[in-house]
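Dear colleague,

Please find the structure below, together with its sequence. My notes on selected local features follow it.

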Amino acid sequence: MSTSARSSLVIVGAGLAGVRAAESARNAGHDGSIVLVGAETALPYERPQVTKEALLAGASPRHYVDHDQLVGRLGVQLRLGTRATGLDRRRRLLRTSDGKIGYDALVVATGAQPTPCPWGNLDGQVSTVRTARDAVLLHRVLTGRRRVVVVGAGLIGSEIASAAQALGAEVTLVERGCGPLEASHGRSLAEHLARLHRTAGTRLVTGAAVTSLVRAGASVAVDLGSGERIVAEHVVWAVGVRSDLGWLVGSGIRVAEGVLCTTAMVTNDPAVFVAGDAAQVVATDGPQAAPRSMSQSMAAAQGLVAGHNAVTPPGSWSRTTATPYFWSTWYDRRIQGVGVPAARSTVLQEGGGTLHLYEHRGRLTGAVGIDAKASVRRVRELLREGSSSGAHAAREMTGRPA
């Protein structure tokens with residue numbers, strides 16, 4: 001679509017992807033209205049900090065932008081505390097909990113929600129964590145000496161286990177695989193990360209499926225497939241996330257795990273774009289087609305592309321070329337991942353840190369570093385250059401294969 005004083009852009013989702021979409025639309029010359037719809041009442045804040053500093057401190061994380069920047073500089077109309085409930089593509093109407101909003105272009109940036117616990121919250125004894133409010137409430141629950149079970153040893157579950165221990169809890173971390181991130185990054189890294197938990201004093205139970213959660217007075221009994229029962233005062237359910245896309249049912253927008261889109265972040269409707277955790281790029285329209293990556297860096301990059309393309313004609317569209325990146329902190333150890341993991345990996349030692357390099361058919365595809373910031377940064381540069389083999393990358397890094 002071309003820019004026009006009459007054109008209206010509606011962005012559903014007030015996280016980083018949504019904010020970047022609004023900024024990008026204005027930078028592209030869009031002089032029409034921008035409406036930002038967010039389910040939470042808070043201004044957009046740094047969501048990755050929810051299970052990091054915010055959970056430890058019991059305080060809301062920092063905002064990406066303040067009210068004056070959004071409303072004054074960007075001219076955004078805020079509709080916070082408002083949930084999307086449906087989409088009428090024919091009439092170009094977004095249905096929300098606060099009425100209908102018309103649009104000329106729409107950006108879907110609704111993120112993801114934690115997978116719910118099959119046994120519910122057992123009257124507040126089971127938590128999931130996604131919002132700043134969740135983190136503040138869980139901080140209060142975890143503060144002091146409590147027996148806590150965290151189910152799921154992915155990035156979020158591991159961050160929660162680390163924070164819970166720092167707050168004085170006796171922590172048991174339950175994981176179906178052989179260790180953290182095994183499904184996405186392989187056994188070698190999983191075993192390394194498992195040692196981090198155990199060395200820090202967290203009890204890590206691997207190869208374990210939860211078969212039931214049962215209230216036991218003031219406690220919760222966690223039953224495992226092995227027959228073991230673990231009793232705790234609180235359980236945190238951290239078994240993955242799923243895209244928050246129920247409101248698109250019946251709209252005709254193509255959805256799988258996320259909203260299907262091209263590298264231009266456009267869906268099967270040329271007036272509807274998507275960015276962030278809600279997006280699933282499946283296009284074959286260029287060599288840089290990105291894998292689905294739920295990370296802050298991808299949300300920002302995709303938001304910029306979606307916002308630009310939503311207010312410009314197709315001939316001037318940009319496409320995503322960002323390299324996936326994540327970071328996490330467990331027990332004061334810095335974990336960073338870049339690129340895409342592959343089946344073949346090489347482990348390098350670097351001082352007190354470790355680097356896991358991934359390659360496919362001799363080509364470097366990604367890396368995960370534990371306290372190896374310089375090496376991860378160099379791998380990121382090599383991936384952007386797109387010309388490095390796994391062996392070349394290994395030679396560049398300090399150390400030798402372990």
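This is a predicted model: local features need pLDDT of at least 70, side-chain atom pairs count only at pLDDT 80 or more; totals for chains, interfaces and linings use all residues.

I begin with Thr 131, which is in contact (heavy atoms within 4.5 Å) with Glu 40, Tyr 45, Arg 47 and Val 50, leaving aside its neighbours within four places in sequence. Thr 131 is found in the loop between β9 and α4. Helices (H or I, at least four residues) and strands (E, at least two) are DSSP runs, numbered from the N terminus. With a relative accessible area of 17%, Thr 131 is buried; buried means under 20% relative accessible area, exposed over 50%, and partly exposed in between (1.4 Å probe, protein chains only).

Residues are numbered from 1 along each chain as its sequence is written, and side-chain values use heavy atoms, with hydrogens and water left out.

Pro 61 lies in the loop between α2 and α3 (67-73). Its relative accessible area is 11%, so Pro 61 is buried. Not counting residues up to four places away in sequence, Pro 61 touches Tyr 45, Glu 46, Gln 49, Val 50, Ala 54 and Ala 132. Pro 61 and Ala 132 are 71 residues apart along the chain, and their C-alpha atoms are separated by 6.9 Å.

The next item is a helix pair. Helix α2 (residues 50-57) packs with helix α4 (residues 132-142) at an angle of about 45°, the axes being 8 Å apart. Axes are lines fitted to C-alpha atoms, for helices over the stretch in contact, and angles run from 0 to 180 degrees between N-to-C directions. The angle makes α2 oblique to α4, given that angles under 35 degrees count as roughly parallel, over 145 as roughly antiparallel, 65 to 115 as roughly perpendicular and the rest as oblique. On the α2 side, Val 50, Ala 54, Leu 55, Leu 56 and Ala 57 meet Ala 132, Ala 135, Leu 138 and His 139 of α4. By class, this contact of α2 with α4 has eight nonpolar residues, one polar and no charged. Here Ala, Val, Leu, Ile, Met, Phe, Trp, Tyr, Cys and Pro count as nonpolar, Asp, Glu, Lys and Arg as charged, and the others, Gly among them, as polar.

Turning to helix α7 (residues 187-200), its 14 residues should span 20 Å at 1.5 Å a residue, and its end C-alpha atoms are 20 Å apart, which agrees. The expected span is 1.5 Å times one less than the number of residues. Buried in α7 are Leu 189, Ala 190, His 192, Leu 193, Ala 194, Leu 196 and His 197. Just after α7, Gly 201 takes a positive phi of about 105°.

Most residues other than glycine have a negative phi. Phi is positive in both, near 50° for Tyr 331 and near 70° for Asp 332. Tyr 331 counts as buried at 16% relative accessibility, whereas Asp 332 counts as exposed at 74%.

Finally, Gly 124 lies in the loop between β8 (112-114) and β9 (126-127) and is partly exposed, with a relative accessible area of 41%.

Yours sincerely
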